[in-house]
2 protein chains.
Amino acid sequence: MPGKIITISRQFGSGGRTIGRLVAERLRIPCYDKELIEKMADESGFASEYIEEKNESAHSSSRLLNALSYGSMTAIINEERIWESQCKVLFDIAGQGSCVIIGRCGDRVLKDRYDLLTVFVHAPEEKRAERIVNIYGENEISIRKRINDKDKRRRAYYQLYTDCKWGDALNYDLCFNSAAIGIEKCADVITEMYL
Amino acid sequence: MPGKIITISRQFGSGGRTIGRLVAERLRIPCYDKELIEKMADESGFASEYIEEKNESAHSSSRLLNALSYGSMTAIINEERIWESQCKVLFDIAGQGSCVIIGRCGDRVLKDRYDLLTVFVHAPEEKRAERIVNIYGENEISIRKRINDKDKRRRAYYQLYTDCKWGDALNYDLCFNSAAIGIEKCADVITEMYL
């Protein structure tokens, strides 16, 4: 039975991060989200702001062209180093014991672990917009664009580094439509898998 | 909360049908699988063998070309009539109360129902082959081809009639890797959603 290391990939605004936090709280295990950035900064020597900026960016999809046209080889090398540091940090924390990992292609980096439970959380766009407006008080009109931009970046980043399709059910052990199932219930199901 | 009408789409050999039967047994509600063929035969006047043969076939993806080249307009019209009959039967049984529906694009045909829970069940190919060999005693070598053929047909059929991608997590409320989660556990989770 998998479930000692739980990875959560999620569409922006789907509540995947909240679900991960709930699961970690209930199981009393660490949850790594923004904390990963700090660890990557320590590991790589890059500033956490720089990592955050580069993170979930897939500019390097046209990396050769970029390098030839703009001489941006340094940026490309940095992205590769950040990716390597991300993998190292993920292996390290998974090696330390049970935890929840939010995003960062955790599911693919750690795919060879027998005790991995991979989760994908999604929801219809209108429900995600509603959720973001309610929780973060953002403007309904601009939020649709932000949702699309964020999802597009996450999809491209995942595809670039893992060669797998983000959101393809076949890549995950469990996928939830959080708007239909409910945030609490999603957390319940994942928590039960662990026991 | 959705879950009064439960649709299960599944990869061949993933145990989706078994999961559906277990859920229906536990909830004491009907499960429609092969039974749908009988109902479609009654409704349409076609023989059930003919429906079965045509079912989950997507030959009509090149329907115009077929019609022009081989004069197979009758077959195409029949396929359309079978599809219409399938939709009518699905609406009828969903109208009669809670049930589990296996395959037949039930998730898309009934997508406008507020009380629908849509499930997709998959598993890695090697696990599916193993399961089929264990349960049905089929030959391991020929089974891989059969798995691929069946999945290909289901994918094409789903795509043709629903314009959606079979197995895309975004199309379902819940997706399971039955090899990781376990058949019984999948049935547990779905059953809990109903309550």
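## Charges and strands in a predicted model

User: Is Lys88(B) buried, exposed or partly exposed?
Analyst: Lys88(B) counts as partly exposed, because its relative accessible area is 40%, and this, like everything below, is read from a predicted model.

User: Which residue does Lys88(B) form a salt bridge with?
Analyst: The partner is Asp92(B), and the closest N and O atoms of the pair are 3.3 Å apart. Asp92(B) is likewise classed as partly exposed, because its relative accessibility is 36%.

User: Which residues do salt bridges that share partners join into one network?
Analyst: The network is made up of Arg17(A), Arg21(A), Asp33(A), Glu35(A) and Arg104(A). Counted over all chains, the structure holds 28 salt bridges.

User: What about Arg104(B), which side chain does that one meet in a salt bridge?
Analyst: Arg104(B) meets Asp33(B), with an N to O distance of 4.0 Å. Arg104(B) comes from the loop between strand 3 (99-102) and helix 6 (106-109) of chain B, while Asp33(B) comes from the loop between strand 2 (31-32) and helix 2 (35-44) of that chain, so the pair ties together parts that are 71 residues apart in sequence.

User: Are Arg104(B) and Asp33(B) buried or exposed?
Analyst: Arg104(B) is buried, because its relative accessible area is 8%, and Asp33(B) is buried too, with a value of 2%; the cut-off for buried is under 20%.

User: Switching to the chain contact: what does Glu192(A) form a salt bridge with?
Analyst: Glu192(A) forms one with Lys185(B), the closest N and O atoms being 3.8 Å apart. This pair crosses between chains, running from helix 10 of chain A to helix 10 (residues 183-194) of chain B. Glu192(A) is partly exposed at 26% relative accessible area, whereas Lys185(B), at 19%, counts as buried.

User: Which residues gather in the patch of positive charge on the surface?
Analyst: Lys152, Arg155 and Lys165 of chain A gather there with Lys152, Arg155 and Lys165 of chain B. Helix 8 (140-162) of chain A and helix 8 (140-162) of chain B each supply at least two residues of this positive patch. Arg155(A), which lies in helix 8 of chain A, counts as partly exposed at 39% relative accessibility.

User: And which residues gather in the negative one?
Analyst: Glu38(A), Asp42(A), Glu43(A) and Glu49(A) form that surface patch, to which helix 2 (residues 35-44) of chain A gives the most, with 3 residues. Asp42(A) is found in that helix and counts as exposed, because its relative accessibility is 69%.

User: Last topic, strand 4 of chain A: how many of its residues are buried?
Analyst: In strand 4 (residues 116-122) of chain A, 7 of 7 residues are buried. Leu116(A), Thr118(A), Phe120(A) and His122(A) point one way from the strand, and Leu117(A), Val119(A) and Val121(A) point the other way.

User: What does strand 4 of chain A pair with?
Analyst: Strand 4 pairs in the parallel sense with strand 1 (residues 5-10) of chain A over 6 bridges, where Thr118(A) is the bridge partner of Thr7(A). Strand 4 also pairs in the parallel sense with strand 5 (residues 174-177) of chain A over 4 bridges, and there His122(A) stands opposite Asn177(A).

Note on methods. Residues numbered from 1 in each chain as written. Chains lettered and ligands numbered in written order. Predicted model: local features only at pLDDT ≥ 70, side-chain atom pairs only at ≥ 80, totals over all residues. Heavy atoms only, no water. Patch = residues over 30% accessible without salt bridge, like charges linked within 9 Å, V, L, I, M, F, W, Y side chains within 5 Å. Areas by Shrake-Rupley, 256 points an atom, 1.4 Å probe, with all protein chains shown as cover. Lys, Arg positive; Asp, Glu negative; His and termini not counted. Charge placed at Lys NZ, Arg CZ, Asp CG, Glu CD. Buried < 20%, exposed > 50% of the residue type's maximum accessible area, 1.4 Å probe, protein only. Pairing = 2+ DSSP bridges.
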